[in-house]
Number of protein chains: 2
Amino acid sequence: MPPPELSVQPLDAGATFRNQVYRRLKQAIIQMDIYDHPGDVRLDERQLSGLLGVSRTPIREALTLLEQEGLVRLEPRRGIFVVRKTKAEIIEMIIAWAALESMATRLAAERATAEDIGTLWDIFRSFEEQAPSDNIQEYSDANIEFHKAIIRLSRARILETLTDNLFIHMRAIRKLSIRQDNRAEQSMHEHRDIIRALERRDGELAERLAREHTLGLAAHVERHGDFLDWLRLADVRGADVKAAFKDGLPLM
Amino acid sequence: MPPPELSVQPLDAGATFRNQVYRRLKQAIIQMDIYDHPGDVRLDERQLSGLLGVSRTPIREALTLLEQEGLVRLEPRRGIFVVRKTKAEIIEMIIAWAALESMATRLAAERATAEDIGTLWDIFRSFEEQAPSDNIQEYSDANIEFHKAIIRLSRARILETLTDNLFIHMRAIRKLSIRQDNRAEQSMHEHRDIIRALERRDGELAERLAREHTLGLAAHVERHGDFLDWLRLADVRGADVKAAFKDGLPLM
DNA sequence: ACATAGAATTTCGTATACCAGATACGCAGC
DNA sequence: GCTGCGTATCTGGTATACGAAATTCTATGT
């Protein structure tokens, strides 16, 4: 028997102001649903500094990260703007998502345990039960959760990381009508078929189904996603930013 | 005829110190071939500040970016270390690469012009002529260039961006013997077959060949990449960092 | 009223100062 | 010589100060 081992995690790894601000801002930007309202949303470093109770330094570093993730755009001496992806960009991202998820699905077919697949069925059923009418959003969080679950089964952390970054931007299409093209039902069937292919350990088929499913979404956005290029108007400023932080101002 | 339009690019967009330092450090890290020598390589903010002639602020922001790309690791109050990927991580990255490139290849089959494909043949021939003996590296820059060229033909910027970030880390396996498993010749044939599939506009086939080609590399690393987990020893510090910057110290 | 020039202000980029955690060093005790 | 402890030093994280470019405001002349 090996000697008993005392393994202690570092207490506050990643608890720097920079990282806290990063998480906080990211969450705020995601929640503010910029795709619902036209006009630029501008962030002000000083305002954020006051709002969060830290100096500009960690805020700037957090914004640097958010810029690299494509959530904000830093225009020197002009301002920091929350990014709204164009229709073309969203479609490209869905294509990349399809690529990564289909590969993940192939891996999952080899690596997932029977129990893992059971979990997929659980998720599948859990939002099969939702009345499709009360959820206007085609790609609600629940749906994304299903896809994330599959990708997790690939046991490939990098695929998770990369797709997570893509999924963030999928809030752009949450308002896409789910009735159009009868997508609700079709999407359901495709999910079911993917799980079945995984059960049969048919990686080739599972990969193809996953790819076609997600590329189908890309095609859907191609047809009905013009609204994405519509909203690009007035300057809003301040007010919205404050609203996003309405709960829980102090950072610590 | 549309009216003549005067479009002037901003002169210094992205010419901030932060971005210059970012590019400079990235290049330096890539060139320093950390995978050739064991031991941690540590970067010192103040030293870099003196070396590059700017204050710590833009340097820290650049390091923040490099951390997100996985090139360095910032350990609060302990140091900044150049990251060496593990064998498992490299394999995961190659798998992600395979996913993205196979999708890109599928798109390329639809979108590439005949001229584009001609360019691929050019690249193909250009490093077919190299005596295979003088290039020890499996994934030489020329080879990567071929893959980048294909991905570019997909006309999907995001696929380019994502794969570029992955390719950076492929320097880890440049020293993989190309003789093993007769990979030089096999790789050549596979490249040729991919171009042919593109010529025939057979997206399905091109995608599969691209995927299998790159997954083949993953398998190769799985078999022969143990050396990646070997080198993890003493602390080197300072000296190597300076060497990497030996040419062109001042930033501007 | 309107257009315009110039000053005041805003805002991000950069430099510098300070802080606290982590390490390294040296001294004391054995 | 080795161990343990306390202090000096180093290092990254954060706050603050300053600078320059861009915007906004304002006063002025028509």
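The legends below describe close-up views of a predicted model.

Residues are numbered from 1 along each chain as its sequence is written, and chains are lettered from A and ligands numbered from 1 in the order in which they are written. In this predicted model, local features need pLDDT of at least 70 and side-chain atom pairs count only at pLDDT 80 or more, while totals for chains, interfaces and linings use all residues.

**View 1. Relation of chain A to chain B.** Chain A is superposed on chain B by a rotation of 180° with 0.0 Å of shift along its axis, at an RMSD of 0.1 Å (least squares on the C-alpha atoms of residues with pLDDT of at least 70 in both copies). That is the relation of a two-fold axis.

**View 2. Contact between chain A and chain B.** Each chain is represented in the contact, with 21 residues from chain A and 21 residues from chain B (two residues are in contact if their C-beta atoms, placed from the backbone, lie within 7 Å). On the chain A side, α3 (56–68), α4 (87–111) and α7 (157–168) each supply at least two residues; helices are DSSP runs of H or I with at least four residues, strands are runs of E with at least two, and both are numbered from the N terminus. The most comes from α4(A), with nine residues. By class, this side of chain A has 13 nonpolar, four polar and four charged residues (Ala, Val, Leu, Ile, Met, Phe, Trp, Tyr, Cys and Pro count as nonpolar, Asp, Glu, Lys and Arg as charged, and the others, Gly among them, as polar). Of the interface residues of chain A, 100% are also interface residues in chain B, so the copies meet through the same surface.

**View 3. Surroundings of DNA strand C.** DNA strand C is surrounded by 19 residues, the closest being B:T16, B:F17, B:V54, B:S55 and B:T57 (near means a C-beta atom, placed from the backbone, within 6 Å). At least two residues each come from α2 (45–52) and β3 (79–82) of chain A and from α1 (17–31) and α3 (56–68) of chain B. The largest share, three residues, belongs to α3(B). This surface has six nonpolar, four polar and nine charged residues.

**View 4. Sheet of chain B.** Three strands form an open sheet in the order β1-β3-β2, with antiparallel pairing (strands pair if DSSP finds at least two bridges between them). The edge strands are β1 (42–43) and β2 (72–75) of chain B. B:R42 stands opposite B:F81 in β3(B).
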